[in-house]
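Me: I would like to learn how to read a structure like this one step by step, starting from confidence and ending with single residues. Could we go through it together?

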Amino acid sequence: MCLAPSEGPGALSDSRRERGRHAEHAEIHRRPGRLPRGGRHDRGPVGPRARDSGAAPPRPPGRSTTAPASSRLDRHGGADPRRRPGVAGAPRCPLRGALAHRSVFVDTRLTREATLSDDTRAHLLAAAGEYCCAIGWPQVGAQYGAEALLFADTDPVRYRAHAVLALGHALNGEYESSDNDRAAAQALFTDNAWPDDEIDYLVLLAESLVAAAWMQPERLVAVSTILRETRPDDPYWDYSARAIDVMRGLVERDYSGALAANWQLSYGSRRHRSHRMIRDFLTCIRSDILVARGEYTEALATLFSGQTPPGHGICFPMQRSVALLLLGRDRELLAETEACVADETDHCLRTLTPTLLRRAIAFARIGSARRAAQSMEAALLLISRTGGSITPFIMLPLGETLALFDEVVSARPELGPLVTGIRDFLPSVAAPSLNPAEAIGLTPTERELAVLLSSDRNLADIARERGVSLNTVKSQVRSIYAKLGVSGRADAVGELLRRTF
């Protein structure tokens, strides 16, 4: 169903202009996909793309959920480009109550006629896109953002549409597109000289995701600082800033500090004034930290109750798959992620890529070489087409990954340059060849203490930080020394480094 022509005060008077808009609207859905056609890996357009006609549209709420209620719904309205850009806001309009009904949108198109100006229509589309991003359906959110940008007639609404697109693309793993959308939003913001405190929350979330994917801790610091300084009294912005600091700790491998901060955010009083998407990301980061420390069973327990949204923007089967892989539970991994690949045309690309990589290694281990090569090839194609990052390869077994690279490149030489670039970084992020717990025999508590031995803290400070007695720490240190075959702290640290602990 096509969008109904506007008939209100803001309606178009020139019918040819209206037909031109519909022609441009149709062009969005005719754009070629970013992955090559053919074979089981043909995914169609990457980014804003048409949904299957049988898919139920999301239910956009009266207001979206990715920013505080105080920052939306009443901030837009005028066509004056010097007005506030509306921090993820939406106008009050006669259709607000209708948004509670599932029949309002079908594939970004309104299902009923309404007297809407183009900007009001763009507001509704942007609100629906923001909602889809908030519930973990970024590919649909980006589609709504593209439609909002098409109908936006003023700079404030264009800015908001670019913000929705930036977040949708970042959540979907299309990092280069997200960066381009963020740059377009920033250009509008600068050109209109809007005040600093009106920067869009979605733009900052998008930038943090891109920075984490490209492992840029200094950029994460910058985003966290802007969140704190722009809205110092807003608990939602403060919570997000702290969550980004946790993400930076993971990137910088400050596992103990990041894990402590993560627990405080996840279970402290601040969680009551935070967004569900941010809390889910913290759960995933916590499991990543535990995996990086070799605590694979603990990571699985952390993810046990996670609920995956329809679009897999947060994908708990993907999160569990790395721990299962490193525990050698390959068939369980394949069963766990089977639904993800069965739904790959509607699956978030950011979480699908690591899923395909881990399935490739699991298939190779059980002797299914053809399916292993197919899965690895599909993952590399996604990375090459979406401006992906090295992060999907974190904690993959080095030797097994390199062997699959060789097999894929022999059949697809055009992937050679991409694989060469990944090879340069892979040793620094790959899983150790031997689990430290198996190689050294340290308990989880001893592994945590072993990390602290390389710091400048004395044993008394470590005891206070861990909430145990000094005698307990001394006993644990003696146990570590015995297992390492050393008699002093400096020798212990040296031995741990030698074993790539």
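Me: What pLDDT does the protein chain average, and what percentage of the residues score at least 70?

Reply: Since this is a predicted model, confidence is the place to begin. The protein chain averages a pLDDT of 79, and 75% of the residues score at least 70.

Me: Which elements have the lowest and the highest mean pLDDT?

Reply: Helix H1, residues 15-28, has the lowest mean pLDDT among the elements of the protein chain, at 42, whereas helix H4, residues 155-171, has the highest, at 97. Over residues 1-102 the pLDDT stays under 50, although the model still has 237 contacts beyond four places in sequence for that stretch. Where pLDDT is low, the predicted coordinates should not be read in detail.

Me: How many helices and strands does the protein chain have, and what percentage of its residues count as buried?

Reply: There are 22 helices and two strands in the protein chain, and 54% of its 501 residues count as buried. Of the contacts with a separation of 6 or more, 68% are accounted for by residues 24 or more positions apart.

Me: How should I read a pair of helices, and at what angle do H6 and H8 pack?

Reply: One reads the angle first, then the residues in contact, and then their classes. Helix H6 (residues 201-213) and helix H8 (residues 235-251) pack at an angle of about 5 degrees with their axes 11 Å apart, and because angles under 35 degrees count as roughly parallel, H6 and H8 are roughly parallel to each other. Tyr201, Leu204, Ser208 and Ala212 of H6 make the contact with Tyr236, Trp237, Ser240, Ile244, Met247 and Val251 of H8. By class, eight of these residues are nonpolar and two are polar, with no charged residues.

Me: At what angle do the axes of H12 and H13 cross, and within what distance do they come?

Reply: The axes of helix H12 (residues 316-326) and helix H13 (residues 330-342) come within 9 Å and cross at roughly 165 degrees. As angles over 145 degrees count as roughly antiparallel, H12 and H13 are therefore roughly antiparallel to each other, and their crossing is left-handed. On the H12 side the contact is made by Pro317, Arg320, Ser321, Leu324 and Leu325, and on the H13 side by Asp330, Glu332, Leu333, Glu336, Thr337 and Cys340. This contact of H12 with H13 has five nonpolar, two polar and four charged residues.

Me: Is Asp179 buried or exposed, and is Ala490 buried or exposed?

Reply: Asp179, found in helix H5 (residues 175-191), is buried because its relative accessible area of 18% falls under the 20% cut-off. Beyond its neighbours within four places in sequence, Asp179 is in contact with Val210, Trp214 and Arg219. Ala490, which lies in helix H22 (residues 489-498), is exposed, with a relative accessible area of 66%. Ala490 and Leu453 are 37 residues apart in sequence and 8.7 Å apart in space, C-alpha to C-alpha.

Methods: Residues numbered from 1 in each chain as written. Predicted model: local features only at pLDDT ≥ 70, side-chain atom pairs only at ≥ 80, totals over all residues. Heavy atoms only, no water. Axes fitted to C-alpha atoms, helices over the stretch in contact; angles between N-to-C directions. Helix = DSSP H or I, 4+ residues; strand = E, 2+ residues; numbered from the N terminus. Parallel < 35°, antiparallel > 145°, perpendicular 65-115°, else oblique. Left-handed = near helix turned anticlockwise from the far one by under 90°. Contact = heavy atoms within 4.5 Å. Nonpolar A, V, L, I, M, F, W, Y, C, P; charged D, E, K, R; others polar. pLDDT = per-residue confidence, 0-100. Buried < 20%, exposed > 50% of the residue type's maximum accessible area, 1.4 Å probe, protein only.
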